[in-house]
Amino acid sequence: MKRPVAELVGTGRYVPDMVYDNAYFEQLVDTSDEWIRERTGILERHIASDDETLAVMGTRAAEQVLDDVGITALDLDGIVLGTATPDRLLPSTACDLQAELGARNAAAFDIAAACSSFLYSLSVAEGMVISGDFQNVLVVGGDRLSRITDYTDRATCILFGDGIGATLVRPVASGDRGLLSSYLKTDGTLANLLYRPGGGGNHPPDEKMLEERGYYIKMAGREVFKSAVKSMAEACDRALERAGVSAEEVDLLIPHQANIRIIEATAKHAGIPMEKVYVNIDRYGNTSAASIPIALDECVRCGRIVPGSLVLMVAFGGGFTWASALVRW
Ligand code: COA
């Protein structure tokens, strides 16, 4: 008997209304609109209010998915939520989202792979539905990086924004659409190039940790940049190889939106022209786990993805982690 394939159906997103443009950062740190535009491609980013928790934002995105697919929250049997910024450390944010959404039949848990979390979550959801035990798994990728961003550090604060996106994964008998291949990779030896020293079990919050600003993200930008280019290129190659598909056949590349220069280098390596690459970093900055599902939702809603489109998604993040997925929509 042929193994079922995981298909993606329905999309949703939530992006907070509040916007920080580049001029805002000129007041905070020694930077300029020109530097930010040229070095990153970012013009503005959206920042969550106190009430816009990840669970609340995720619920709004999930409701759009359910609406698209024509099912109710009670039809969900799984919720996999990728994030590096859970609303609280215990329980997982997926549990809070499950309660907020009223999805009481769904097993819910978080996946932590930094900016690669959405693609890691997608791969886990694929396994769940292929096993035959799950029928409707909501996959969510979201982050509220503003909560752990040091707004005195010009090298990081200009980069990040908040948001969340979601899709639904379910089994489909036919093999001509759905998730054709995926690839996950990690190099934990590079963990301290992009990390958050405090707040966890090793360094619980205390006065010293707060004084040293250990609560916030630390990043060696140049090293992260180089690894991101190399890893995302490799991830594109592996996803295409595993599916036996050539770069020319790809209709749309959705790369993680970390820096326009990383996106351009990835596309160049993959041999995919920029007209086939989706870019929204100018409007959102780096939203970490949210960047791919937000882009996916925008592309579906504006018709850049239509049934039959071949979509390559690729991400890179702290860990280091990197991942790719090739989907026939
Ligand atoms: N405004 C003005 N100058 C800045 C600045 C800012 N916001 N941030 C850094 N600089 C300065 C640096 O201090 C440095 O000055 P110096 O030459 O006097 O030492 C200079 O700009 C160049 O710094 P560098 O770090 O080499 O810049 P860059 O071109 O690599 O750009 C990043 C910095 C952070 C934008 C870039 O490295 C990057 O995008 N890295 C990857 C980040 C990322 O993707 N993180 C998340 C992974 S998912």
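Helix H8 (221–243) gives four residues to the shell around the ligand, the largest share. Helices (H or I, at least four residues) and strands (E, at least two) are DSSP runs, numbered from the N terminus. The model is predicted: local features need pLDDT of at least 70, side-chain atom pairs count only at pLDDT 80 or more, and totals for chains, interfaces and linings use all residues. Residues are numbered from 1 along each chain as its sequence is written, and side-chain values use heavy atoms, with hydrogens and water left out.

The shell around the ligand holds 23 residues, of which Thr 31, Arg 39, Arg 154, Arg 222 and Asn 259 come nearest. A residue is near a molecule if one of its heavy atoms lies within 4 Å of it. By class, 11 shell residues are nonpolar, seven are polar and five are charged. Here Ala, Val, Leu, Ile, Met, Phe, Trp, Tyr, Cys and Pro count as nonpolar, Asp, Glu, Lys and Arg as charged, and the others, Gly among them, as polar. Domain 1 (6–171) and domain 2 (178–328) both give residues to this shell, so the ligand lies between them. The domain bounds come from an automatic or database domain assignment.

A polar side-chain atom of Arg 222 lies 2.6 Å from a ligand oxygen atom. For Arg 39, a polar side-chain atom is 2.8 Å from an oxygen atom of the ligand. An N or O atom in the side chain of Trp 35 is 3.5 Å from a ligand nitrogen atom. Taken alone, the ligand exposes 950 Å², and the protein buries 75% of that. Accessible areas come from the Shrake-Rupley method with a 1.4 Å probe.

Several backbone features stand in loops. Most residues other than glycine have a negative phi, and most peptide bonds are trans. A cis peptide bond joins Leu 90 and Pro 91, with omega about 0 degrees. Pro 91 lies in the loop between strand S4 (78–82) and helix H4 (93–101). Gly 319 and Phe 320 are also joined by a cis peptide bond, with omega about -15 degrees. Ala 114, not a glycine, has a positive phi of about 50 degrees. Its loop runs between strand S5 (107–111) and helix H5 (117–130). Arg 213 has a positive phi of about 55 degrees and is not a glycine either. Arg 213 is in the loop between helix H7 (207–211) and strand S10 (218–219).

Methods. Polar contact = N/O pair within 3.5 Å; in protein donor to acceptor, adjacent residues only side chain to side chain.
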